[in-house]
Amino acid sequence: MTKNPNVLGWVDETIALCKPDKVVWLDGSQEQLDELRRQACETGEMIKLNEEKLPGCYLHRTAVNDVARVEHRTFICTKKKEDAGPINNWMDPDEMKAKLTKMYDGVMKGRTMYVIPYCMGPIGSKLSKVGVEVTDSIYVVLNMDIMTRMGKQALEHLGDTSNDFVRGLHSKADVDEENRYIVQFPEDNAIWSINSGYGGNVLLGKKCFALRIASYQGKNEGWMAEHMLILGIENPQGETKYVAAAFPSACGKTNLAMLIPPEVYKKQGYKVWTVGDDIAWMRIGEDGRLWAINPEAGFFGVAPGTNDKSNPNALATTKRGTIFTNVAHNLDDNTIWWEGLDKNPPENAVDWKGNPWNGKTSAEKGANPNSRFTAPAKNCPCISDKFNDVNGVPISAIVFGGRRAKTAPLVYQSRDWAHGVFVGSIMASETTAAATGAVGVVRRDPMAMRPFCGYHMGDYFGHWLEMGERLGDKAPKIFNVNWFRTDDEGHFIWPGFGDNMRVLMWILARCEGKADAVETPIGYEPKPEDINIEGLEGITADTVRGLLDVDKDLWREEAAGIEDFYKQFGDRLPKEMAHQLEVLKKNLQ
Ligand code: SAT
Ligand code: MN
């Protein structure tokens, strides 16, 4: 399929190491994929769902011990420990390779090795990059087919001589938790993943390449790989402005990316278009503005809570050609179900663990809280016509956000780019089920990249500052939002979902110089009356005022937390960041 000696040589090395019985190169043809789907159903790895209700859809269950990313087993192996930084796990690359080589040795005996060439980003785009993943999992092959531009086209994009591709080696091995490793070698363009079969750990194009390796490449090559959705808002005159927004995993990126405008905007003719729901690669274009592509071709979205109110577009996207992972299986009509899909759980079902399950009587959940759908972007009713554009889309605003019950207001704007980098760097969020570990604990998650930055976080802040200097007055404006403030009973105050557009509209108005703001100790805020609440039940200008409140005591605690957090970066914390912290402290006096 290719003459590229770098690809061929590396695949030969992995064959010699893993010793598969058979090697299959994925060309991306439907015949080849159909045959793999058939095999996966024969072995029980996948279940074919109701062809009438869910054409081309399948169900897969991972091992019960293997349902989320494993951050404590994820490593950045740079030659020097300090280059990985204080937040990443680190091991010497030679030591790690020696350790894992023993595990990979002969691991594919009796198995087939699949070689998946894939392209992250539109074929032919200068912003796109190629990876090759070898794996012993058909599930991985079929997911990569949805999530990337896969097969021959990727090798053609790479060309016959280039060595600029990411080498991804995956084996599910025995799915042994104790020996599970997700390892990035940024200096070698390589990823080694073993003993997992869960999405974020094994679809190596996604977090491992498109964020961890790509963030490192971006620093060296002068661009950015970010954990951001990209959406476009089209006004009644047909002009579209694009927003990139970073939120931690399972904080509603997919919902925001596909939001349905509230009636007040819909009737005026506003539309929302989805470019991406998880990752943005951004470069400075010839016009000096920041341009973004979504490197992925599909959505790996959280299933629970997705329904025809919260996200009808996502639900529609999953009706064809989708792989469902760890949801409940409705045996009556061979379809699927998850918590929050509707109020009618199936009685005759199998839960995500594979046990008989009655949704009406069981106390257990039918779907794992981190169960997922892998759905082709082209199915999405609101997919942007720029989705495949080789140039990407120009970004007007960058939005950071986390899940905070109290401290962070509904929205505020940074005073300038450097302050915006500070705002991103102090992001914090309550943890979710997307990674193993306790849920609901507040942790600092700068730019939502804590689990995904492939190098020293202090240098990463420095790279952001540098990008801002290069962008100058063409830089997008930077904002922070929080949809998750709660009242004294713990209920969310802001309705969220489609109504988040009301906040985005203020953000865009600010970008166009069309809205006022008031200065607060933390940045610029809207006047409460500038957030359009027409048609919102139970929300008054006073509610909005409350949501915008900056509690100085809480923020002083916050500043102390930031100071602590910053300490670990030592002299690799850019001076500008320390200065911004001082300004915040002064403003809070
Ligand atoms: O599991 S993934 O890393 O693919 C999704 C996420 O956690 O954001
Ligand atoms: Mn994500």
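Which residues surround ligand 1? They are Arg69, Tyr198, Gly200, Lys206, Lys207, Ser249, Phe300, Arg372 and Ala434, where a residue counts if one of its heavy atoms lies within 4 Å. The model is predicted, with local features needing pLDDT of at least 70 and side-chain atom pairs pLDDT 80 or more, while totals for chains, interfaces and linings use all residues. Residues are numbered from 1 along each chain as its sequence is written, chains are lettered from A and ligands numbered from 1 in the order written, and side-chain values use heavy atoms, without hydrogens or water.

**Ligand 1**
- Tyr198 has a polar side-chain atom 2.6 Å from an oxygen atom of ligand 1, a pair of N or O atoms within the 3.5 Å limit for a polar contact.
- For Lys207, a polar side-chain atom lies 2.9 Å from an oxygen atom of this ligand.
- Gly200 takes part through a backbone N or O atom, 3.5 Å from an oxygen atom of ligand 1.

**Manganese site**
- Lys207 (NZ), His227 (NE2) and Asp278 (OD) coordinate the manganese ion (ligand 2) at 2.0 to 2.2 Å; donors are N, O and S atoms within 2.8 Å of the metal (3.2 Å for Na, K and Ca), and sites may look incomplete as water is not among the atoms.
- Along the chain, these donors are spaced K-x19-H-x50-D.
- Lys207 belongs to helix α8 (residues 205-221) and His227 to the loop between β11 (224-226) and β12 (228-234), so the pair ties together parts 20 residues apart in sequence; helices (H or I, at least four residues) and strands (E, at least two) are DSSP runs numbered from the N terminus.
- Both Lys207 and His227 are buried, meaning under 20% relative accessible area with a 1.4 Å probe and protein chains only.

**Largest pocket**
- The largest pocket holds about 900 Å³ of space; a pocket is an open set of points on a 1 Å grid over the protein atoms alone, with protein on both sides within 12 Å along at least five of seven lines.
- Its lining has 43 residues, and Ala250, Cys251, Gly252, Asn255 and Arg403 lie nearest the centre; a lining residue has an atom within 4 Å of a point.
- α9 gives the most to this lining, with four residues.

**Second largest pocket**
- About 520 Å³ of space lies in the second largest pocket.
- Among its 25 lining residues, Gln30, Asp145, Ile146, Pro376 and Lys378 lie nearest the centre.
- The largest contribution to this lining comes from α5 (138-147), with three residues.

Key:
Buried < 20%, exposed > 50% of the residue type's maximum accessible area, 1.4 Å probe, protein only. Polar contact = N/O pair within 3.5 Å; in protein donor to acceptor, adjacent residues only side chain to side chain. 1 Å grid on protein atoms, 1.4 Å probe; cavity = no way out; pocket = protein on both sides within 12 Å on 5 of 7 lines; lining within 4 Å. Points joined across faces, edges and corners; volume = space filled by probe spheres on them.
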